[in-house]
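Let's take a walk through this one, stop by stop. Have the sequence and the fold side by side as we go.

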Amino acid sequence: MNNDKSKTAEEQNYHKLQQKKELKRPVILNCFKAFFVGGFICLIGQVITTFYIYFFDFTEQTAGNPTVATIIFFTMLLTGFGLYDKLGQFAGAGSAVPVTGFGNAVISTAIEHRTEGFILGVGSNMFKLAGSVIVYGVFSAFIIAIIKTLFMKWMG
Amino acid sequence: MIKLKNSIYFFLILFFLIGCQANDNAANDPSFTKLSTTSHNQHLSNQIKDYLASDKDVTTISAVNAGKDVIVTIEIPHMKRFRLATIREKLEKDIKKEFNLDKVEVSTDQKIIMELDKLEKRIERDAITEDEIKKEVGRIMKLSKEET
């Protein structure tokens, strides 16, 4: 700690003791959980994509849209039944980074603010968290597109 | 205890990463079937298959033509998929130049590969008329150009 001087000796001792006893965050274990759960969600997504390619007139290019819709639909069900919360607690980023996390963010706020009415409650709070995903997603896509355009111009 | 756990994770990672490298035998020649040309005029697509067969970047080829409109599908070794678009464009240009064609569609899309395989099998069994081939080729070309 950098503000050690403002603390008494007793406080400093306590701080040391506390650091010794404090439970360490299992970062690597969490990474593994996130990796496998996130990977499993993506595996399900791939299965759905393949399903659409084989049984409907979708190409690899176009099968993405119905896949995302299907996955978000199932996330909606899982969120509504309270199962996605448990998955989120277990897997952390593994359940938040795929599109299911986005769906969960939209749907859970919609459920939460339902009592405040449809306009001021659901409508205005639905994109509380998801709004920032959209804003920064669009913004970073814009930046990347500019960089790509410039590179293409320079490199030929 | 921690060492044991760490080593388990270490090996897990190791195996997962090595697993990706397994069956990637790119040295084989590309596989394709030449269509019989007795009832349908598939000379052009057979020639294209022969032309592509020498290419190291390609593992399987199928091609069907309706008159001068040709659809070609290729599969490439998995590790070369990073250059998928480049390879596809290069082959399309090469074929157009070599055979002096205007309407050539080279696709690496799984759906197009499936549809073209079905069409090839139907031509092989002679269960299709010239008109139907034309219609199917048009349909598959349209499908391959679809965008999100």
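**A strand tucked inside**

Strand E1 (residues 60-66) of chain B has six of its seven residues buried, so it is largely enclosed by the rest of the structure. Buried here means that 20 or more other C-beta atoms, placed from the backbone, lie within 10 Å of a residue's own; strands are DSSP runs of E, at least two residues, and helices runs of H or I, at least four, numbered from the N terminus. A word on the source: this is a predicted model, where local features need pLDDT of at least 70, side-chain atom pairs count only at pLDDT 80 or more, and totals for chains, interfaces and linings use all residues. Residues are numbered from 1 along each chain as its sequence is written, and chains are lettered from A in the order in which they are written.

E1(B) pairs with strand E2 (residues 69-75) of chain B in the antiparallel sense, over seven bridges (pairing takes at least two DSSP bridges). B:Ala66 has B:Asp69 in E2(B) as its bridge partner. Two residues sit between the strands of this hairpin, and B:Gly67 takes a positive phi near 65°.

Now for where the chains meet. Here 10 residues of chain B are in contact with 11 residues of chain A, contact meaning C-beta atoms, placed from the backbone, within 7 Å. On the chain B side, helix H4 (110-124) and helix H5 (130-145) each supply at least two residues, and H4(B) gives the most, with three.

Over in chain A, A:Gly45, A:Ile48, A:Thr49 and A:Tyr52 of H2(A) meet A:Pro66, A:Thr67, A:Thr70 and A:Ile71 of H3(A).

Methods: Contact = placed C-beta atoms within 7 Å. Buried ≥ 20, exposed ≤ 12 C-beta atoms within 10 Å, placed from the backbone.
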